[in-house]
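Here is a short tour of a protein and its ligand, meant to be read with the structure open beside you.

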Amino acid sequence: MSDIHVDVAVVGAGPAGVAAGIGAREAGAGRVLVIERDWDLGGILQQCIHPGFGLHTFKEELTGPEYMHRWIERAREAGVEFMTNSMVFGAHPDGSLDVMNPDRGVFRVTSGATVLAMGCRERPLGAINIPGSRPAGIYTAGTAQRFVNMEGYMPGDRAVILGSGDIGLIMARRMIWEGAKVEAVFEIMPWAGGLRRNIAQCLDDYGIPFYLNHSVVRVHGHDRLEGVTVVELDSDRRPVPGSERFVPCDTMLLAVGLIPENELSRMAGAEIHPVTGGPILNELYQTTRPSIFAAGNVVIVYDLADWVSQEGVAAGRNAALYAAGALPEPARRLAIRGGKNVRLFSPHYVTGGADATVYFRVTRPIEKRCRVFADHGLYERRERYARPGEMNEVRLAREALAALPDDVTEIVVDAEEV
Ligand SMILES: Cc1cc2nc3c(=O)[nH]c(=O)nc-3n(C[C@H](O)[C@H](O)[C@H](O)COP(=O)(O)OP(=O)(O)OC[C@H]3O[C@@H](n4cnc5c(N)ncnc54)[C@H](O)[C@@H]3O)c2cc1C
């Protein structure tokens with residue numbers, strides 16, 4: 001089967017990929033192709049049938065499918081081509097892609113520039129080492145969400161949720177709505193992993209107990225889960241003697257973290273950041289392979305789809321400019337560094353040639369007034385709080401970056417109590 005050549009190729013048709021397609025077309029790219037392994041467009045948002053999407057973009061509260069419908073319509077109007085049921089199984093340093101689908105078999109897509117938008121996957125049970133048997137009834141929260149919302153299956157009748165990531169919180173409420181009992185949500189850290197609004201709307205409103213500093217230390221059951229042993233943890237995250245208790249349940253849902261889906265990024269030779277697990281980018285969303293760009297949860301796990309779409313548009317626009325030979329050459333390389341309370345952030349460096357937004361998450365919550373800043377006087381904002389579950393940002397203006405003395409090579413971003 002012959003190869004396909006396009007101006008901009010995009011991998012993944014979630015919020016990031018669909019928006020990247022739009023950004024590329026709006027920036028003048030001729031042929032823009034979005035390749036998606038699923039048979040439908042929309043990415044993870046297809047199964048997110050709860051409201052809470054689009055508050056920033058559309059000033060309305062939409063469900064995930066409604067939110068994506070609007071973006072997909074806009075992409076179609078912009079002339080973006082979609083190829084579904086098509087798995088990208090190889091990526092090369094020049095951005096060309098190996099693809100397979102039932103109609104064409106195996107073929108290659110070459111392009112002037114490529115945008116990686118493969119999203120992320122959930123950490124499974126194997127990644128968290130809980131002793132005990134491996135009975136049926138243990139699922140990641142996202143898998144359970146797909147079962148309930150798309151396939152029409154209930155994973156069980158009596159559930160515990162391990163981890164307080166947003167998907168777990170949303171699934172706790174969903175299980176209640178479908179008639180199950182949710183015993184509790186257990187979180188190993190002293191603070192919640194998900195958004196405050198999800199704690200209120202998904203747990204508090206339904207009287208679901210939420211235990212911080214708790215973890216599951218044993219799984220019971222042979223064929224089917226029969227219960228879990230839960231323990232309280234001290235400030236060093238060691239079990240508090242005598243705090244062990246058995247919680248009967250037939251289902252455990254895991255919401256213990258998301259990992260950017262980066263096999264293709266690695267294959268293409270894009271440098272991966274050891275902390276985020278996503279590709280190292282500059283503010284133009286360009287990886288260390290210049291013709292390869294990346295956006296969305298494949299880069300860093302975002303809290304809101306609105307930011308993902310916004311970043312996708314920008315990545316697509318820059319990819320189109322690169323393909324046309326119109327993307328400015330980097331003026332310099334200024335490394336971004338996280339301060340005392342910041343480990344996860346992106347981009348990892350800026351070129352000084354454009355305005356930049358650095359997204360980050362604080363490691364520890366600040367519940368009092370705080371200062372969100374970038375050093376060298378580049379940015380400062382006051383906030384009422386900063387929490388690990390919510391993405392934060394600093395904006396760096398091109399003019400301010402250009403005015404930095406030549407010996408400045410690093411910019412620190414952080415949030416601190418004031
Ligand atoms: C359960 C859940 C609840 C959420 N709730 C909210 C909320 O209430 N409000 C909100 O604003 N945000 C919410 N979010 C966050 C938001 O949905 C995500 O941040 C956003 O979907 C990420 O978009 P993405 O395009 O990066 O990834 P995804 O949506 O995951 O899309 C990635 C796409 O790439 C495709 N793909 C991957 N690998 C390949 C390959 N090799 N070949 C071809 N295609 C490939 C996948 O099939 C997928 O379609 C929620 C997320 C989850 C998981």
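In this predicted model, an N or O atom in the side chain of Glu36 sits 2.6 Å from an oxygen atom of the ligand. The backbone takes part as well: a polar backbone atom of Ile44 is 3.0 Å from a ligand oxygen, and a backbone N or O atom of Ala117 is 3.5 Å from an oxygen atom of the ligand.

| Residue | Protein atom | Distance to a ligand oxygen |
|---|---|---|
| Glu36 | side-chain N or O | 2.6 Å |
| Ile44 | polar backbone atom | 3.0 Å |
| Ala117 | backbone N or O | 3.5 Å |

How much of the ligand does the protein bury? On its own the ligand would expose 1,000 Å², and the protein buries 93% of that area.

Is Ser309 buried or exposed? Its relative accessibility is 1%, so Ser309 counts as buried, the cut-off for that class being under 20%. Setting aside neighbours within four places in sequence, Ser309 is in contact with Pro15, Ala19, Tyr67 and Trp71.

Phe293 belongs to strand 19 (residues 292–294), and it counts as buried because its relative accessibility is 0%. Arg218 is 75 residues away from Phe293 along the chain, and 43 Å separate the C-alpha atoms of the two.

Finally, the wider layout. The domain assignment of the protein chain lists domain 1 (1–121 + 258–326), domain 2 (124–256) and domain 3 (328–418). Taken over C-alpha atoms, the centres of domain 1 and domain 3 are 25 Å apart. The contact between them takes 18 residues from domain 1 and 20 residues from domain 3.

Conventions:
Residues numbered from 1 in each chain as written. Predicted model: local features only at pLDDT ≥ 70, side-chain atom pairs only at ≥ 80, totals over all residues. Heavy atoms only, no water. Polar contact = N/O pair within 3.5 Å; in protein donor to acceptor, adjacent residues only side chain to side chain. Areas by Shrake-Rupley, 256 points an atom, 1.4 Å probe, with all protein chains shown as cover. Helix = DSSP H or I, 4+ residues; strand = E, 2+ residues; numbered from the N terminus. Buried < 20%, exposed > 50% of the residue type's maximum accessible area, 1.4 Å probe, protein only. Contact = heavy atoms within 4.5 Å. Domains from an automatic or database assignment.
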